[in-house]
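Please look at the sequence and the structure first.

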Amino acid sequence: MGFLDLFRKKKQTSTATEEKQVELPNVVADDKVDDILNQEILEFFPKDGTWWSCCFNRPKEIEKDNLPCHLREHDWMSKLLHQNLLEKKIYISASKIKAFMDSSKVFADLRHNYELEIVRWQIDWIRKGGEHWLMPEGFDEFSLLFSPDVDKMFRGGVVKTLSAIGMNREVIEEGIEKNADMWRERYMERSFEHAFEPIGYLRDPIEPADPAHKENWLRLRRYEYYTDHKDSVDKYGEVTPDMQLNIEEWSQLQSVTNQQNKEREQLVEHWKKHPIYKRNSMINDNHEIEK
């Protein structure tokens, strides 16, 4: 046996040794598949609803960060869980995992809870000034500061953004209504303020609106909201007394509020025509005359 023969034999022996050191995954018997998967899915979905802007591109890479982009795609999710199991040296085919996902109520419930957490996170993200969310048609960045329909913008933004990453529309509606206390009243009040208590950087602050006017306006807004989103509110939210006005109550309230709106709009227009520098100039002129 020559040197080259000895080298080849040594290399073959070394390779065989290395192969023996590789720990192969344990192939799970069919009767154990459901037990293992029922355990694994308990940790499959994140506890937090954070997602990343890459989801707008719906990336196909099998990575955990991309999970929020594929929550209704069992084929994609089965591959991710298959990959997770291989890291634990457990082998269950992706096709068996997909069949499990297709039929498991526990899996569907866990996913549903995670989807709702994503909606809650998105609402919180927008209200805290987060970026990279999609605004509905007719709105822009300035709408957050000046629009008298900022509440409609907020809701539409949540729907448009989460729909764009592939989330189910029904679960978006559910999450919006179940978390209505996080945003709805707050942004309705902002809409009133933008319309009737605007901010002017070169003007003295405008006097506050009549509290009765504000309350009447908000009552109509709540009624209008219910009219626009009745199915979702009935299914997932809370129907408030203002949402249940009868036609006579609504007509009377609208008549009173329209008059209050008109009077306040006139005051706002008058206020806009008197900037603070003009007011100061008039004070100085009067002071010179007195001298």
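A pocket is found on a 1 Å grid over the protein atoms alone: it is an open set of points with protein on both sides within 12 Å along at least five of seven lines, and its lining residues have an atom within 4 Å of a point. Grid points are joined across faces, edges and corners, and a volume is the space filled by probe spheres set on the points. The model is predicted, so local features need pLDDT of at least 70 and side-chain atom pairs count only at pLDDT 80 or more, while totals for chains, interfaces and linings use all residues. Residues are numbered from 1 along each chain as its sequence is written, and side-chain values use heavy atoms, with hydrogens and water left out.

The largest pocket holds about 250 Å³ of space. Its lining includes Leu145, Phe146, Glu193, His194 and Lys272. Helix 6 (143–146), helix 9 (184–196) and helix 12 (247–272) each give two or more residues to this lining, and helix 9 gives the most, with 3 residues. Helices here are DSSP runs (H or I, at least four residues), strands are runs of E (at least two), and both are numbered from the N terminus. By class, the lining of the largest pocket has 7 nonpolar, 1 polar and 3 charged residues. In this count Ala, Val, Leu, Ile, Met, Phe, Trp, Tyr, Cys and Pro are nonpolar, Asp, Glu, Lys and Arg are charged, and the others, Gly among them, are polar.

The second largest pocket has a volume of about 210 Å³. It is lined by 13 residues, and those closest to its centre are Gly129, Gly130, Trp133, Met135 and Leu144. Helix 5 (105–127) and helix 9 give two or more residues each to the lining of the second largest pocket. This lining divides into 6 nonpolar, 3 polar and 4 charged residues.

**Salt bridges**

A salt bridge is a side-chain nitrogen of Lys or Arg within 4 Å of a carboxyl oxygen of Asp or Glu. The structure holds 29 of them, including the pairs in the table.

| Pair | N to O distance |
|---|---|
| Arg120 and Glu117 | 3.0 Å |
| Glu224 and Lys152 | 2.7 Å |
| Arg155 and Glu173 | 2.7 Å |

Arg120 and Glu117 both lie in helix 5, 3 residues apart, which is about one turn of the helix. Glu224 in helix 10 (residues 211–228) and Lys152 in helix 7 (residues 150–164) are 72 residues apart, and their pair links distant parts of the chain. Glu224 and Lys152 also belong to a network of salt bridges with Asp149, Asp151 and Arg221.

Are Arg155 and Glu173 buried or exposed? Both are buried, where buried means under 20% relative accessible area, exposed over 50% and partly exposed in between (1.4 Å probe, protein chains only). Glu224 is partly exposed, at 29%, and Lys152 is partly exposed as well, at 36%.

**Single residues**

Ile172 lies in helix 8 (residues 169–178). Ile172 counts as buried because its relative accessible area is 0%. Its C-alpha atom is 9.8 Å from that of Lys160, 12 residues apart in sequence.

Pro25 is found in the loop between helix 1 (3–21) and strand 1 (26–27). Pro25 counts as partly exposed because its relative accessibility is 31%.

Key:
On a 1 Å grid over the protein atoms alone, a cavity is a set of points where a 1.4 Å probe fits but cannot get out, and a pocket is an open set with protein on both sides within 12 Å along at least five of seven lines; lining residues have an atom within 4 Å of a point.
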